[in-house]
Amino acid sequence: APSTELSALIEKLQKNADKVEKNIYDVEQNLNKDVSKINEGKQALYQDDTNKRILNSLELLTVLDEDAANAKRLQHPQAEMIEQDMRQLRERVMKLREDHDRIYHLIRTEGMPSINWGNMMDEKLDNLNNKGFGQDLPSVENEVEEHNIFHSEVEALAPHISTSGDKEYVSSLQMKYNKLLASSSARQRNLLSLRDYMQRCTNELYWMDQQAEERINYDWSDTNLDYPARQRQYENFISKCLESKEATVTKLNDDGEKLVASEHPGKNVIEAHMEAVHADWKEYLNLLICEENHLKHMDEYHKYHKEARDTQDLLKRLDTELNQKYNPEFKDVYQMEGLIREMDDQAKAMDHFDERVKALQKRSLQVLPLKYRRETPQKLLPIEALCEFDTDEGQILRGERYTLLRNNGTKWDVKDAAGHKLTAPAVCFMIPPTNPEAVAISDNLAGQQKAVKQKMASSKGILLKRFNELKKETGTGTDKQEQQCRQLMAGLDKVVSDLDKQEKAIYARVRPPLEQNRPLQDSADRLQDMRDIVGAVSKIEPEKSSKVQEAKSFLVSNPSCASAPQLHNKVDEANKKYTKIEQLLQCSQEKLKNSNQLETSLQNGKTFLSTYENKLAREEVAPADISSLEKTQRELADVTSDLRSKRSVIAETEQNLRLAKSSCDNMATKFQEHCPDIERQEADVKKLNKRFNNLNRQIDTRSQSLQRAKMAYNNYRNDYDNLNSWLSRVPNYEPRETDDMRQVETKLKNQRNLLSDIARKESDLNNVSKNAQLYQQAVKDYENETEKFRSILDLEDGLVPQTYKRSRLESPALTVKAEEAAIEAKFTEVNAVNKQRLQNLEFAQGLLNQV
């Protein structure tokens, strides 16, 4: 893929540019050392080494030029800046080449080379004055590194100023040097303050970009049932984090204004970053407005549909009751009186029901057609902007009406009133009412309600007609048998009524979803309520058994009583009702018990994981030494062991989810009751599993990186210490004036052997460099993983989001990098010094041979 090719190219380009920078630094240092040697009348040591490094840099620059051209071809956004950096690198190398030729090929005056320190400082000051400031953080970080080298060069000039001639000349040089040093120090301060400010801005811009992307890609349509979790996250952020985030952005603006007011030379860059932070913060606040609106609309949408479903279910039950319960066949006068009274009560209840249906009809006109957020409608739709948003084609204005031309998922093509086409994030818009489906649902409910009322009026008329007929048939009086029968039926009616109340109490506990902010406590409370209902039902059972037994005895004794069939039906009704309540209680208790167990295990799992997540999220850089590294390895191993031993905590949630789903299926099969929490609970279990897997993966990756770092560091440290010790103990075979021929020849032989040893030691140096690179890469991998983990860490679920402030700890990789550079420089110096000693010994041998 082009992006992969570009990434690899930039990485290669950066590595080669770093090599050239290192060569430039080493050449400058060694040239300064040799100038000092030459001025002291001594032999230069680094002529060959500096020449090789310059030639190597020119070869690398040829490759870099090709890579810069390829970066431009692949449309890297900073291609022009890369080309400019390459030109500057080449200019610096060519300047060093000129310095090299001038220093080592001077026409000697009395055998002493001379350096025009004044010209050198003028050139450095001109170079300094022509330096600008990069527009982005990587460029400024490179400039900081470059200037650190430049500033070291300036400081290295100080000893040469005081030994450069007469007092007047030295005084003029000192003035130039002081001006150069002051300018260099000022640029160093400016670069550091600029880098610090840009780093802080970049951190906030990255966070805001992540937040914007999250909201833009979120599903705000009707199919998203997990929106309550998003609602909690939103409310959590508004109440606990928004103020501190706003304070951070305000401080960035204040600090930027102070830097600009102080005439910071990089004020253009500072102002650009201030504007970027301001623009992104404004966009973020606008997206928060959109999020608040969408969450409100989604809540209204789903509440409306739930209430409409509940109302429809209630109407269906009423219709069924009218068909079954209020049938006048096989009913006596007493039963007819009871049914008519119930019918009157139902009629009064229907009056309240009218208000409910009317309210739903009114609300249906305000429900948004959320399904059009996920599918393109057949005709063009009017939409309304919820916030301001800047697009490439122009600005979206809050409250303005637009026309949706095309739904591209997270981006919509829209047209404004003037006919201009724009493309903007879908989150910025709402599709205003009405929702044809919601209106149709409420109209259908009104039709159903009207039909039920008509049926109720018709049923009442039939009951009244039959009641009057029965009254004529039986006359006004009733015999003693009939009166006793009616009393028995009244007793059974009371039992059924009491059981009805308990049935409603059960449904009141199992139908509403658990409170989102306290599901565990709510499920425990409902479970306790269910135990109370069990107690209430158990108290009804003896009365039910007694009344049923009395009725059965009466039916045996008086089988020919006129109301005997109705009494028999009442007995069946009471028995069936009690059996149903028993089964409903059993299923409901099981459902609530399993739900409570699931919520308990979810809470335990979240608490268990967050302990380790928070600990790992606070890691920033790799451990600094082997002792700390091994300690961290042991800690990670302990965490791995804990996670493995407590995998049952996660497995328990999965087992409890299966039990909860089984009890929900049972409720659906036997009582047609839907469990409102099961989808959310299943999503929570999946999320918990994902967190557990992320944690395990993070620990494995970190452990592997640390093991690689440990192996590489042990090899590096062993080779480094041995080589450093050897270099520190290299013998000195420099010839002395008192040496005779035999002593010189012995030293010459030893010196040649020493140079052979040095040549062999070059492989040790390569091993040091190789293991240093392996260590640095392992540390980089470790630190990258810690950064990634912080970004994916899910800390919602009611926890207060953690703010991980960067403590500016220095990565141990930098220490090893510096040591690697130092020992390479030391090796080069030892090699150069001993090659010169060989020449000195050969020269001394030649002189002695002439004597």
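**Figure 1. Helices α14 and α15 meet in a left-handed crossing.** Welcome to the first close-up of this predicted model. Helix α14 covers residues 564-617 and helix α15 covers residues 626-645; their axes come within 12 Å and cross at roughly 165°. Since angles over 145 degrees count as roughly antiparallel, that crossing makes α14 roughly antiparallel to α15. On the α14 side, the contact is made by Phe608, Leu609, Tyr612, Lys615 and Leu616. Helix α15 answers with Glu635, Leu636, Val639, Asp642 and Leu643. Sorted by class, the residues of this contact comprise 7 nonpolar and 3 charged, with no polar ones.

**Figure 2. Helix α12 packs against helix α13, with axes that come within 10 Å.** Here we look at α12 (residues 480-510) and α13 (residues 519-557), whose axes cross at roughly 165°. That angle makes α12 roughly antiparallel to α13. The crossing of α12 and α13 is left-handed. If you like to think in residue classes, the contact of α12 with α13 holds 16 nonpolar, 4 polar and 9 charged residues.

**Figure 3. Five strands form an open sheet with antiparallel pairing.** Reading across the sheet, you will meet the strands in the order β6-β5-β4-β1-β7. Which strands sit at the edges? They are β6 (421-425) and β7 (429-430), each of which pairs on one side only. For a handy example to pick out, Val414 has Leu422 in β6 as its bridge partner.

**Figure 4. A disulfide joins Cys664 to Cys675.** How many disulfides does a search of the whole structure find? The search finds 1. As a quick reminder, a disulfide is a covalent bond between the sulfur atoms of two cysteines. In this view, the S to S distance between Cys664 and Cys675 is 2.3 Å. The torsion about their S-S bond is about -115°, so the disulfide is left-handed. Cys664 belongs to helix α16 (residues 647-671), while Cys675 lies in the loop between α16 and α17 (678-728), so the pair ties together parts that are 11 residues apart in sequence.

Notes
Residues are numbered from 1 along each chain as its sequence is written. This is a predicted model: local features need pLDDT of at least 70, side-chain atom pairs count only at pLDDT 80 or more; totals for chains, interfaces and linings use all residues. Side-chain values use heavy atoms; hydrogens and water are left out. Axes are lines fitted to C-alpha atoms, for helices over the stretch in contact, and angles run from 0 to 180 degrees between N-to-C directions. Helices (H or I, at least four residues) and strands (E, at least two) are DSSP runs, numbered from the N terminus. Angles under 35 degrees count as roughly parallel, over 145 as roughly antiparallel, 65 to 115 as roughly perpendicular and the rest as oblique. A crossing is left-handed if the near helix is turned anticlockwise from the far one by less than a right angle, and right-handed if clockwise. Contact means heavy atoms within 4.5 Å. Ala, Val, Leu, Ile, Met, Phe, Trp, Tyr, Cys and Pro count as nonpolar, Asp, Glu, Lys and Arg as charged, and the others, Gly among them, as polar. Two strands pair if DSSP finds at least two bridges between them. A disulfide is a pair of cysteine sulfur atoms within 2.5 Å.
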